[in-house]
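Here are my notes on the model you sent over, point by point. Have the viewer open while you read.

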Amino acid sequence: MNILPETFVEIEQIYQLIANENIKSLAINCSQGKEGGTELVLALARRHKVAGSKVLIVDLNTFKPAITNQYINGKKSWSLDDMNSQTACIAKFTDMIDILPAPKSEQDQNISFRDEKKIKNSIEYWLQHYNFIIFDTCAITRTNFSNIPGEVIARGCDASLLVVAPGISLESSVVKTIKIFKYNNVKLLGTVINDVKCPPLDMQLRNSVRRRLHGFPIFKQWLLNRISNVELLKGKFGR
């Protein structure tokens, strides 16, 4: 798992948006998976910690529980109906950040996680002990019985952030996700564009110039400056 520094300017912008909207519970969603949602969960948790908030990460990505697998060593048995089981399964991640690992896939428990009222009640309970609750969720378009629907979690939270990765996310999947969100009345706080697999054209051109023109330093620097001055290459239009 890539570690996304909480000091990134982009993370700060997202954090300020969350703070300005007074969001206390947030679902991080993606359309199909591998778009970087888990990395964003961890970065935002650490950014809230820096601000003095006590944070609970809830891993409800039962399809691919990366946080649970890496930091807890497996799913735990807990339910939204049993506060004691939740408390017993919470594990310390770092100072000021705890993790509630992904629940084991038991039929009766999976049904309870589809209940928006139970999700909201649990969030209310957790907020008695934490300042901020953030959820890692299953990809919206990966629908099957063993997965906890990400849109249900998002609907139970104050808001959702949708992570989209050019080069990974299919347009059809993103469009479908937006329709699902609208149907479920999810408050979409914003869309986070993860360019790691598809960097802006100016970055690709600069890397190519550095590789190919290292023997011509003056011309290389001139060309790098020209590329940096073309706003269209930075991929900012239409976002």
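This is a predicted model: local features need pLDDT of at least 70, side-chain atom pairs count only at pLDDT 80 or more; totals for chains, interfaces and linings use all residues.

1. Leaving out residues up to four places away in sequence, Trp126 touches Leu56, Val58, Trp78, Leu80, Gln86, Leu100, Ile133 and Phe135. Trp126 is also one of the residues that touch the most other members of the largest nonpolar core, along with Val58, Leu60, Trp78, Phe135 and Ile153. That core has 27 residues. Two or more residues each come from strand 2 (55–60), helix 6 (116–126), strand 5 (132–137), helix 7 (150–156), strand 6 (159–164) and helix 8 (171–183).

2. There is another core to look at. A second, separate one holds 25 residues, including Ile23, Ile28, Ala45 and Ala159.

3. Now the overall numbers. The protein has 239 residues, of which 46% are buried, and its secondary structure comes to 10 helices and seven strands. Take the contacts with a separation of 6 or more: 78% of them join residues 24 or more positions apart. The accessible surface is about 12,600 Å², and carbon and sulfur atoms account for 52% of that.

4. Seven strands make an open sheet with mixed pairing, in the order 3-4-2-5-1-6-7. Which strands stand at the edges? They are strand 3 (91–94) and strand 7 (188–193); each has a single partner strand, so one side of each lacks a neighbour in the sheet. On average, neighbouring strands are turned by 25° against each other, ignoring direction.

5. With strand 3 it runs antiparallel, joined by three bridges, while strand 2 and strand 4 pair in the parallel sense over four bridges. Asp98 turns up in both pairings: Lys92 stands opposite Asp98, and Asp98 is also the bridge partner of Leu56. In a regular strand, side chains alternate between the two faces of the sheet. Strand 4 is covered on both faces, with Ile97 and Ile99 buried on one side and Asp98 and Leu100 buried on the other. Leu100 is also among the residues that Trp126 touches.

6. Two helices lying across the sheet deserve a look. Helix 1 (residues 9–20) lies across strand 1 (25–30), strand 5, strand 6 and strand 7, and runs at about 180° to strand 7. Helix 8 lies across strand 1, strand 6 and strand 7, running at about 175° to strand 6.

7. Next, the loop between strand 6 and helix 8, where Ser169 lies. Is Ser169 buried or exposed? Its relative accessibility is 14%, so Ser169 counts as buried. The side chain of Ser169 makes a polar contact of 2.8 Å with the side chain of Glu35. Setting aside neighbours within four places in sequence, Ser169 is in contact with Ser31, Gln32, Glu35, Val164 and Val174.

8. Compare that with Ser172, which lies in helix 8. Ser172 has 54% relative accessibility and therefore counts as exposed.

9. Finally, the backbone angles I would check. Most residues other than glycine have a negative phi. Met96 has a positive phi of about 80° although it is not a glycine. Met96 sits in the turn of the hairpin formed by strand 3 and strand 4, which has two residues between the strands. With a relative accessible area of 28%, Met96 is partly exposed. Asn185 is another non-glycine residue with a positive phi, this one of about 55°. Asn185 is found in the loop between helix 8 and strand 7, and at 66% relative accessibility Asn185 counts as exposed.

Methods
Residues are numbered from 1 along each chain as its sequence is written. Side-chain values use heavy atoms; hydrogens and water are left out. A nonpolar core is a set of buried Ala, Val, Leu, Ile, Met, Phe, Trp, Tyr and Cys residues joined through side-chain atoms within 4.5 Å. Buried means under 20% relative accessible area, exposed over 50%, partly exposed in between (1.4 Å probe, protein chains only). Contact means heavy atoms within 4.5 Å. Accessible areas come from the Shrake-Rupley method with a 1.4 Å probe; for residues, only the protein chains shown count as cover. Two strands pair if DSSP finds at least two bridges between them. Axes are lines fitted to C-alpha atoms, for helices over the stretch in contact, and angles run from 0 to 180 degrees between N-to-C directions. A polar contact is a pair of N or O atoms within 3.5 Å; within protein, one must be able to donate a hydrogen and the other to accept it, and residues adjacent in sequence count only if both atoms are side-chain atoms.
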